[in-house]
Amino acid sequence: CPVVNSVQHDTGNTYIVNWMTDAIAQYWTSASGAEGEWGLYLITNYTFSGHYISGGTWKPIKTINRSAPPPGGGSDYCTVSASHCDHSVYGLRFMNRFGYAGSEKVDVPTSATNSCIVFGMPVLGVFVPVFPGSVSTPVCGAGGISVPEPPPDPDWCGM
């Protein structure tokens with residue numbers, strides 16, 4: 001299951017996301033029973049970040065839904081019913097469509113007060129993320145998953 005745990009600064013407010021740097025995910029944060037677009041999102045100006053993310057703007061970058069073909073084609077239980085879909089199933093569909101190793105450039109708006117880049121999907125008014133390793137909170141914010149780190153201040157570095 002692809003998890004964005006590697007966000008590197010490119011230039012300006014542009015970041016490069018490599019979704020296979022850390023290919024570990026916990027599946028217990030389940031999207032089972034939910035219909036929607038699962039994938040890579042830029043989340044800005046959120047109001048709360050914990051097990052779920054609320055408020056703000058959730059901009060899809062690369063997404064799939066449960067009708068996307070699983071690896072090997074054909075269908076599976078997820079194709080038949082959303083209740084059989086969780087992050088692990090969506091993750092396989094994502095990698096089948098976009099590749100098992102890949103990267104994407106993401107522009108973070110200069111007006112964003114806070115931001116993160118994370119896999120998951122909007123479900124019932126909150127954003128349900130995928131967590132890597134044993135990390136569960138914070139999802140976004142200082143020290144969180146996939147938080148674009150601003151480049152160092154050139155004046156500070158020049159001292």
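1. Helices (H or I, at least four residues) and strands (E, at least two) are taken here as DSSP runs, numbered from the N terminus. By that count the chain has three helices and nine strands, and along the sequence they come in the pattern β-β-β-β-β-β-α-α-β-β-β-α. Phe-119, to pick one residue I'll return to, sits in strand β8.

2. Some ground rules before going on. This is a predicted model, with local features needing pLDDT of at least 70 and side-chain atom pairs counted only at pLDDT 80 or more, while totals for chains, interfaces and linings use all residues. Residues are numbered from 1 along each chain as its sequence is written, and side-chain values use heavy atoms, with hydrogens and water left out.

3. Now the chain as a whole. Of its 159 residues, 43% count as buried; buried means under 20% relative accessible area, exposed over 50%, and partly exposed in between (1.4 Å probe, protein chains only). Taking a contact as heavy atoms within 4.5 Å, residues 24 or more positions apart make up 71% of the contacts with a separation of 6 or more.

4. On to the cores. A nonpolar core here is a set of buried Ala, Val, Leu, Ile, Met, Phe, Trp, Tyr and Cys residues joined through side-chain atoms within 4.5 Å. The largest one has 24 residues, and Trp-38, Phe-94, Ile-117 and Phe-119 touch the most other members. Two or more residues each come from β2 (14-18), β3 (38-44), α2 (87-98) and β8 (115-123). Another core, of nine residues, lies apart from it and includes Ile-43, Ile-53, Cys-116 and Cys-140.

5. Back to Phe-119. Its relative accessibility is 1%, so Phe-119 counts as buried.

6. The disulfide deserves a look. There is one in the structure, a disulfide being a pair of cysteine sulfur atoms within 2.5 Å. Cys-78 and Cys-85 form it, with their sulfur atoms 1.8 Å apart. The torsion about the S-S bond is about 100°, so the disulfide is right-handed.

7. Next, the largest pocket. On a 1 Å grid over the protein atoms alone, a pocket is an open set of points with protein on both sides within 12 Å along at least five of seven lines, and lining residues have an atom within 4 Å of a point. The volume comes to about 160 Å³, counted as the space filled by probe spheres set on the points. Of the 14 lining residues, Tyr-15, Val-108, Ala-112, Ser-115 and Pro-148 lie nearest the centre. The lining splits into eight nonpolar, six polar and no charged residues.

8. Ser-115, from that lining, is in strand β8. Is Ser-115 buried or exposed? Buried, with a relative accessible area of 13%. Leaving aside residues up to four places away in sequence, Ser-115 touches Leu-42, Ile-43, Thr-44, Tyr-46, Val-108, Val-147 and Pro-148.

9. Last, a loop residue. Tyr-100 is in the loop between α2 and β7 (103-107), and is partly exposed at 44% relative accessible area. Trp-19 is 81 residues from Tyr-100 along the chain, with 8.4 Å between their C-alpha atoms.

Definitions and conventions. 1 Å grid on protein atoms, 1.4 Å probe; cavity = no way out; pocket = protein on both sides within 12 Å on 5 of 7 lines; lining within 4 Å. Nonpolar A, V, L, I, M, F, W, Y, C, P; charged D, E, K, R; others polar.
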